[in-house]
Amino acid sequence: MRKSAFTRACARLVLLVVLTPAALSAPPPPGLSAAWTEAAAPADEEAGTPAVGQVWPVGVRPRVLRGWEPPATAYGRGHRGVDLAAPPGTPVRAVAAGRVSFAGRVAGKDVVSVELTGTGEPPLRTTYEPVRASVTEDDEVTAGQVVGTVAPTGSHCTAPCVHWGLLRGDAYLDPLTLLPPWLLRRGPSRLLPVLGVPVPG
């Protein structure tokens, strides 16, 4: 009797493992397809911000100290970028492939800017500050390549951070729209224990 219950429990576990990936990868029902696609598409995709990012600028999933707060007008108050927690000396990486368009000081702050490859005209441009550059203007960089380190001074944050910005021409955009959903998630998927299945003796 016990062996039979154990066999049934194992069979259920095998079915769960086999069917779960298929269920998760299946498309939504036909009636929901359009609504599903619209809900899943980021709003900024319409504004021409492709999710070309392959890494975060710092760390694996850094803490966002302050998010994107677009100003109401071109000269209004707001936060034209994202502040990511990062102590001085932290390596700063290019989020996508491109060309270094600037590496130097602006208003007393060390800044690195990278024009992203294949993002239209004018190309998208990421900025990182305060960052002591390890690259120079016109260098070609790959996604994940270190472009410098967080400088010990020049941050506008109350805690150590790097300010990450995104522009197209003179227009500021939300840099988080560069990252695909899998990079924005808080952590990797984990298998949960199946309750009620006895441990093999």
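**Entry 1: A107**

I started at A107, which is exposed, with a relative accessible area of 79%. For my own reference, exposed means over 50% relative accessible area, buried means under 20%, and partly exposed is in between, with a 1.4 Å probe and protein chains only. A107 sits in the loop between β4 (98–106) and β5. I then looked up its backbone: phi of A107 is near 50°, a positive value in a residue other than glycine.

I note that this is a predicted model, where local features need pLDDT of at least 70, side-chain atom pairs count only at pLDDT 80 or more, and totals for chains, interfaces and linings use all residues. Residues are numbered from 1 along each chain as its sequence is written, and side-chain values use heavy atoms, with hydrogens and water left out.

**Entry 2: another positive phi**

Next I turned to D138, which is not a glycine but has a positive phi of about 80°. I found D138 in the loop between β7 and β8 (140–141). The strand labels I use are DSSP runs (E, at least two residues), numbered from the N terminus.

**Entry 3: cis peptide bonds**

I looked up the bond from E121 to P122 and found it cis, with omega near -10°. P122 has its place in the loop between β5 (109–116) and β6 (124–129). The bond that joins E129 and P130 is also cis, and its omega is about -10°. I located P130 in the loop between β6 and β7. A reminder to myself: most peptide bonds are trans, and most residues other than glycine have a negative phi.

**Entry 4: a sheet**

Which order do the strands of the open sheet have? I read it as β3-β9-β7, 3 strands with antiparallel pairing. Two strands pair if DSSP finds at least two bridges between them. β3 (91–93) and β7 (131–133) are at the edges with a single partner strand each, so one side of each has no neighbour in the sheet. Neighbouring strands here are turned by 40° against each other on average, direction ignored; the axes are lines fitted to C-alpha atoms, and angles run from 0 to 180 degrees between N-to-C directions.

I then followed β3 to β9 (residues 146–150): the two run antiparallel and are joined by 3 bridges. V92 has G148 in β9 as its bridge partner.

**Entry 5: the disulfide**

How many disulfides does a search of the whole structure find? I noted 1, counting a pair of cysteine sulfur atoms within 2.5 Å. C157 and C161 form a disulfide, with sulfur atoms 1.8 Å apart. Their link is right-handed, with 65° about the S-S bond. Both C157 and C161 are buried.

Key. Helices (H or I, at least four residues) and strands (E, at least two) are DSSP runs, numbered from the N terminus.
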